[in-house]
Amino acid sequence: MQELESEIKNIIAEILEKDPEEIKPESRFIEDLGMDSMMALEILAAMEKKYKIAIPEEKLAALTNLNATLAIARECLAKKQNAHT
Amino acid sequence: MPILNIEEIFKILPQRFPFLMIDRVTELEPGKKIVALKNVSANDDFIKGHFPGNPIMPGALIIEAMAQAAIILFHSPDEPSSAKKPTYYLSSVKVRFLHPVLPGDQIEIVIEPVKVITQAAIVNAEARVKGQKVAGGEISFMAKEST
């Protein structure tokens, strides 16, 4: 799980053009890190590609900080595993 | 046989001379895949200044051609051509250029979606000349209703 966190942190850091160190669990993507709606879409697409998951469009608005993003990734990964069993 | 000829392209794309970068659509699966052509000519307006004595199609305009093909890919076929067209904004471009494109070349542009939401999309774009890849990458754009 630690691995997932650091991978996702790196994805976010790359798209927001920040140092991974700056992405604290509670840092607000929009207010603190300068994310816009298209960057949010890019983060979502990058996670879909990396983990081969499908994240519904409604989740875009929930992409507010690292913790929330991790929760979405875990939820979609769990759904994917359930679909396979 | 073209799937969309230039008159039909005029109805979809808001761009006009000297900024219309698609001449024909040869394959179209709405929302899934498009193959479009741009014939590069010594008569193209941009060739005059890019560069005198060394004509090359600007890479930025290859991106423009990719973006225009993407607009056609996502337009809704049921929409009357008189409907107000949205304004399209590029938001991110990650494209690598591999070979120069010269007058006489026919660029074949292939666009396939990576992620699509209601008002925005990320697409995979590739440009080929005679089957050889000349540019490729990912572009993101959004559509906003014109005011």
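Here is a short walk through both chains, one selection at a time.

This is a predicted model, so keep in mind that local features need pLDDT of at least 70, side-chain atom pairs count only at pLDDT 80 or more, and totals for chains, interfaces and linings use all residues. Residues are numbered from 1 along each chain as its sequence is written, while chains are lettered from A and ligands numbered from 1 in the order in which they are written.

**Stop 1: a helix in chain A.** Select residues 2-16 of chain A. That's helix α1(A), 15 residues reaching 21 Å from first C-alpha to last; the expected span is also given as 21 Å, taken as 1.5 Å times one less than the number of residues. Helices here are DSSP runs of H or I with at least four residues, strands are E runs of at least two, and both are numbered from the N terminus.

Now show Ile8(A), Lys9(A), Ile11(A), Ile12(A), Ile15(A) and Leu16(A), the buried residues of α1(A). They sit on the same side of the helix, because they cover an arc of only 160° around its axis, going by the directions from the axis to the C-beta atoms. Buried means 20 or more other C-beta atoms within 10 Å of the residue's own, exposed means 12 or fewer, and partly exposed is in between, with C-beta atoms placed from the backbone.

Stop 2: Click Glu17(A), in the loop between α1 and α2 of chain A. Its phi is positive, about 55°, although it is not a glycine. Glu17(A) is exposed, with 9 other C-beta atoms within 10 Å.

**Stop 3: chain B as a whole.** Switch to chain B and color by secondary structure: two helices and six strands, running α-β-β-α-β-β-β-β from the N terminus. The C-alpha trace spans about 45 × 35 × 30 Å along its principal axes.

**Stop 4: two cis bonds.** Zoom in on Phe17(B) and Pro18(B), joined by a cis peptide bond with omega about 0°. Pro18(B) lies in the loop between α1 (6-12) and β1 (24-29) of chain B. Then go to His50(B) and Phe51(B), where the peptide bond is cis with omega near -5°. Phe51(B) is in the loop between β2 (33-39) and α2 (59-74).
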